[in-house]
Amino acid sequence: MNDLYPIDSESLQLYHQTQTRLLLWLSDTTSSFHFCERKKMERCFQGWVVLLAMLVLAISMPCSHAIRVTKTKTRSGVYVSPKFVLAPGSVADKYYYDIPFPKGHIGLKSFNAEVIDEEGNPIPLQETYLHHWVVARYYARTGFVEPEETGFQELKKSDFTFVRNTGMCQNNVLGQYFGLGSETRNTSTHVPDPYGIEVGNPAEVPAGYEERWMLNVHAIDTRGAENGLGCTECRCDLYNVSTDSRGQPLRPGYKGGLYCCYDGVQCRVKQGFNGAKRSLYLRYTVKWVDWSDAVVPVKIYIFDVTDRMNHSAGPSIVHDCRVEYNVEESCSAASTASDRCLDNQWAMVTMPTGGYVVYGVAHQHTGGLGSTLYGEDGRILCSSIPIYGKGKEAGNEAGYIVGMSTCYPQPGSVKINDGETLSVLSNYSSTQTHTGVMGLFYILVADTLPKSSLLSLDAPL
């Protein structure tokens with residue numbers, strides 16, 4: 001469907017300038033026309049006719065119709081995950097395969113989600129903490145049925161091929177297309193027009209396979225918890241575990257993180273606290289457009305401040321993204337030396353190919369103070385700051401990060417060069433110890449800018 005976008009301010013200024021210029025030129029047309037008649041100069045007359053035609057076009061064309069572009073209708077679908085059951089202190093870390101998802105060759109525009117109960121009511125973070133949800137793309141052999149409760153790392157490669165993003169972490173680490181945590185309700189994931197994340201291209205799907213989507217939901221029930229923050233930060237002592245989900249011993253000195261709060265484990269709750277089990281769901285909304293030449297594709301990159309790589313080994317080296325880290329207490333909350341109450345984590349990543357930044361956002365846990373992505377020359381590509389809640393209702397829970405600010409640069413204003421080394425910085429408060437925190441930065445990059453359809457009226461006649 002063709003539609004019309006309003007003209008932007010720069011083009012509007014050009015439009016008015018052109019009208020003014022042509023009106024001034026018109027003031028001389030009578031004498032010019034007489035001159036043409038006197039001299040019988042056909043070329044002059046033809047030029048005057050062209051000028052007049054351009055004037056009629058410019059004056060008769062409303063501002064909102066000054067630029068004609070192709071607008072594709074945005075579609076939207078609301079879906080619900082399979083249920084997961086939580087009791088006070090319990091953990092669900094579920095993998096759901098072949099989830100309901102838009103089909104066909106499309107451009108993804110956004111993915112938003114939240115935890116709800118059986119009646120569809122939003123669940124606040126102080127009851128069920130959404131550690132993270134992740135949506136990943138994969139190809140499955142036609143007819144293959146994925147086993148339940150199985151991580152994708154355990155599936156056979158002959159049946160399952162993970163289709164990761166363009167990011168550079170090793171293997172399939174941080175290869176998802178979308179993913180957020182407690183900030184999900186107040187963080188924009190919209191991909192601006194005319195960009196889209198291209199999926200479903202049949203030419204890319206191997207013969208005998210089909211494109212599917214996986215959803216990982218990691219939620220922690222903190223009702224009645226002895227230490228709510230400790231449970232959400234997966235402190236190993238509160239979960240009383242010494243092995244990971246595969247039964248392997250935890251590495252020495254591991255105090256807390258994903259390896260201690262896997263599916264089915266229990267965080268300590270207050271003695272005598274009683275709370276009923278309840279069935280919960282992740283409700284997610286996907287928006288997309290049908291793919292066409294009007295959609296400009298973008299690539300997904302996820303950077304991690306724990307990425308440790310040998311920069312002298314060349315661009316083909318393996319990155320070591322550990323995803324999580326600890327923040328050690330360095331001062332008391334009452335300290336006046338604010339610089340000593342700040343934990344800074346850095347990582348440097350070299351981009352093999354660059355492009356134009358279209359969108360950016362960071363992911364942090366409680367205690368996070370913001371994250372920034374820098375270019376090689378120190379320029380800021382994007383800064384993302386956490387929004388902390390101030391109440392009790394879902395989406396405004398006091399003490400929790402309920403949103404992250406996002407970056408939507410003006411088209412072409414933020415460019416990453418081929419081979420440029422970027423730096424990502426993650427800041428946390430160190431007035432107390434935090435375990436298993438994250439410092440991720442997600443950006444969308446376009447290889448090219450959208451083609452302008454503005455007709456230049458500055459060309460010589």
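## The Cys-382 to Cys-407 link

Cys-382 and Cys-407 are joined by a disulfide (a pair of cysteine sulfur atoms within 2.5 Å), with S to S 2.1 Å. The link is right-handed, with 95° about the S-S bond. Cys-382 lies in strand S18 (residues 380–384) and Cys-407 in strand S21 (residues 406–407), so the pair ties together parts that are 25 residues apart in sequence. Strands are DSSP runs of E, at least two residues, and helices are runs of H or I, at least four, numbered from the N terminus. Both cysteines are buried, meaning under 20% relative accessible area (1.4 Å probe, protein chains only).

This is a predicted model: local features need pLDDT of at least 70, side-chain atom pairs count only at pLDDT 80 or more, and totals for chains, interfaces and linings use all residues. Residues are numbered from 1 along each chain as its sequence is written, and side-chain values use heavy atoms, with hydrogens and water left out.

## Other disulfides

The whole structure holds six disulfides. One of them joins Cys-236 to Cys-260, S to S 1.9 Å. Cys-236 lies in helix H5 (residues 236–239) and Cys-260 in the loop between H5 and strand S12 (278–290), so the pair ties together parts that are 24 residues apart in sequence. Both Cys-236 and Cys-260 are buried.

Cys-331 and Cys-341 also form a disulfide, with sulfur atoms 1.9 Å apart. Both are buried.

## Glu-324

Glu-324 sits in strand S14 (residues 324–327). Its side chain reaches the backbone nitrogen of Leu-258 at 2.9 Å.

Notes
Polar contact = N/O pair within 3.5 Å; in protein donor to acceptor, adjacent residues only side chain to side chain. Buried < 20%, exposed > 50% of the residue type's maximum accessible area, 1.4 Å probe, protein only.
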